[in-house]
Amino acid sequence: MNWLSDNINLLALIAAVVIVVLTVLVAGKYIKQMKTDRSTGELAKENWDGIGEYKNELPSGWAYTFLGAMIWGLWYFAIGYPVNGYSQIGEYNEEVAVHTKMFESKWANADRQTLQEMGEGIYLVQCAPCHGIAGDGMDAKAADLTVWGSAAGVLDTIKNGSKGLGYPMGEMPAGLLDGDSAKRVASYVANGMKGEKPAEFAACAGCHGVDGKGMGGMAPDLTKYGTPSFVADVLNRGKKGYIGTMVSFKGRLTPIQEKAVGTYILSLSRGE
Amino acid sequence: MFHWLEKRPFFFAVGVFLVIAFAGLIEIIPDFAQASRPVVGTKPYTVLQLAGRHVYIKDSCNACHSQLIRPFKSETDRYGPYSLSGEYAYDRPFLWGSKRTGPDLMRVGEYRTTDWHENHMWEPSSVVPGSIMPAYKHMFTQNADIETAYAEALTVKKVFNVPYDKPGMPKLGEWEEAKKQAMEEARKIASEMKNQDVKDAVANGEIPEIVALIAYLNSLR
């Protein structure tokens, strides 16, 4: 009797026995009643093909239940529904509020590994349709994210220019620098603008400022290039790239999710 | 009276219908009248978008794609804010769909672009590996039916008072104007596309179905 150690099975067995016993008892009572009962009372006027109807009083239990149901119906109509009105939208809003609060507190200090995994999930749903599952831009159908954030990515931008993120400085022309000078600037920018500044950076300083910080929001802040916050900036602004348009994801992702996507995208070019 | 009704099944049925219908009507009509008003920002389709909508219907996109985002977190996370009834005010017929073989398209204009649609309609698996959606290459050669789209727009304007030509709403005007305007929209979309045949066709004053369809898909927000 091993299967009886499971309490669900035990309960089901008890219930089955109770149902059988009750069925036998109730059926027996009515069968006996049918054998002995005689009909009494006054017949109603109507007669349907020989079948008549007794003018019996309503059974009191039935009548009180009906009355109760009517009172409940009035209460529900006047107070129950309007005051405690349930709505699907209300339930949705509550569900989202609870989830948002839990999400924020749970992942407020997520480590890089967690963010990267979260970012991968978001990336596969929101970004992969254009940038490809591997992030390679699918034969130049979109920006190649496997180089973005590295010196090769900067080089790419210098070579092709950028139609920009909608900063006041506008479009960046293609081919501002070439050859070794472009490479020197690229590695300088990709390394977070640390170390010795190459002289050729002057070509960038016109828009991005001497310190590369974008002159207070006139152009993208290059010191942030290759960080999740730069990715978040692109997500919020959308982009008119040299390949096509990237839509803005403003309001579609929470700040934590943006950071996660940024962390994941950077892991692509850094082979982490 | 009840004895009278009990003997007359027809009138009894009429009575039952009236009682049930009354309960339904007082619940449905006031809410429906309110909810079916256009949401602020909802606009009727331009002629080119309407032509694209006809392509969408003709090729049965709605057999696999819904246009209705339900208020569940899993849906709003993926497709954007849930749908409101007023957003369908100018949809005749609405294209809610009943089956999602592919994703919902209610707000596809928010997160897909002209060039993505171009790649995708030409060869879906080139951008979505494993996609079972068929290619729609014929849309790149067949021309969209702008005349019918204009006729529909004019009809709904006259019969249902759809607010074309009102301030802040799409212009419809006479056929010649409408045609010129549709061409202009088509040129803008073709300039973002890469298929040379489509570009040439638009330059020659034709509007391939793909251009109209993309105009329609981009308008879904």
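Analyst: The questions below concern a predicted model, and each answer sets a value against a cut-off.

User: Why is A:Lys55 called exposed?

Analyst: A residue counts as exposed when its relative accessible area is over 50%. A:Lys55 has 54% relative accessibility, so the word exposed applies. A:Lys55 is found in the loop between strand 2 (51-54) and helix 2 (60-83) of chain A. A positive surface patch is formed by A:Lys55 together with A:Lys45, B:Lys7 and B:Arg8.

User: Is A:Leu13 buried, partly exposed or exposed, and why?

Analyst: Buried means under 20%, exposed means over 50%, and partly exposed covers what is in between. The value for A:Leu13 is 37%, therefore A:Leu13 counts as partly exposed. A:Leu13 is found in helix 1 (residues 7-36) of chain A. A:Leu13 also belongs to a nonpolar patch on the surface, whose members include A:Trp3, A:Val17 and A:Tyr30. Together the patch residues have about 670 Å² of accessible area.

User: How do you know that B:Asp91 and B:Arg53 form a salt bridge?

Analyst: The cut-off is 4 Å between a side-chain nitrogen of Lys or Arg and a carboxyl oxygen of Asp or Glu. For B:Asp91 and B:Arg53, the N to O distance is 3.7 Å, and the pair is listed as a salt bridge. This pair links distant parts of the chain, 38 residues apart. B:Asp91 lies in the loop between helix 4 (73-79) and helix 5 (108-111) of chain B, and B:Arg53 lies in helix 3 (residues 47-58) of chain B. Both residues are buried.

User: Which accessibility words apply to B:Arg100 and B:Asp104, and why?

Analyst: B:Arg100 has a relative accessible area of 29%, so B:Arg100 is partly exposed. B:Asp104 is at 1%, under the 20% limit, and therefore counts as buried. Their side chains meet in a salt bridge at 3.3 Å, N to O.

User: What makes B:Asp165 and B:Lys157 a salt bridge?

Analyst: The closest N and O atoms of B:Asp165 and B:Lys157 are 2.9 Å apart, and the pair has to be within 4 Å. B:Asp165 counts as partly exposed because its relative accessibility is 32%. B:Lys157 is partly exposed too, at 28%. Elsewhere, salt bridges that share partners join B:Arg70, B:Glu75, B:Arg100 and B:Asp104 into one network.

Note on methods:
Residues are numbered from 1 along each chain as its sequence is written. Chains are lettered from A and ligands numbered from 1 in the order in which they are written. This is a predicted model: local features need pLDDT of at least 70, side-chain atom pairs count only at pLDDT 80 or more; totals for chains, interfaces and linings use all residues. Side-chain values use heavy atoms; hydrogens and water are left out. Patches are made of residues with over 30% relative accessible area and no salt bridge: like charges are joined within 9 Å, nonpolar side chains (Val, Leu, Ile, Met, Phe, Trp, Tyr) within 5 Å. Accessible areas come from the Shrake-Rupley method with a 1.4 Å probe; for residues, only the protein chains shown count as cover. Lys and Arg count as positive and Asp and Glu as negative; His and the chain ends are not counted. The place of a charge is taken as NZ of Lys, CZ of Arg, CG of Asp or CD of Glu. Helices (H or I, at least four residues) and strands (E, at least two) are DSSP runs, numbered from the N terminus. Buried means under 20% relative accessible area, exposed over 50%, partly exposed in between (1.4 Å probe, protein chains only).
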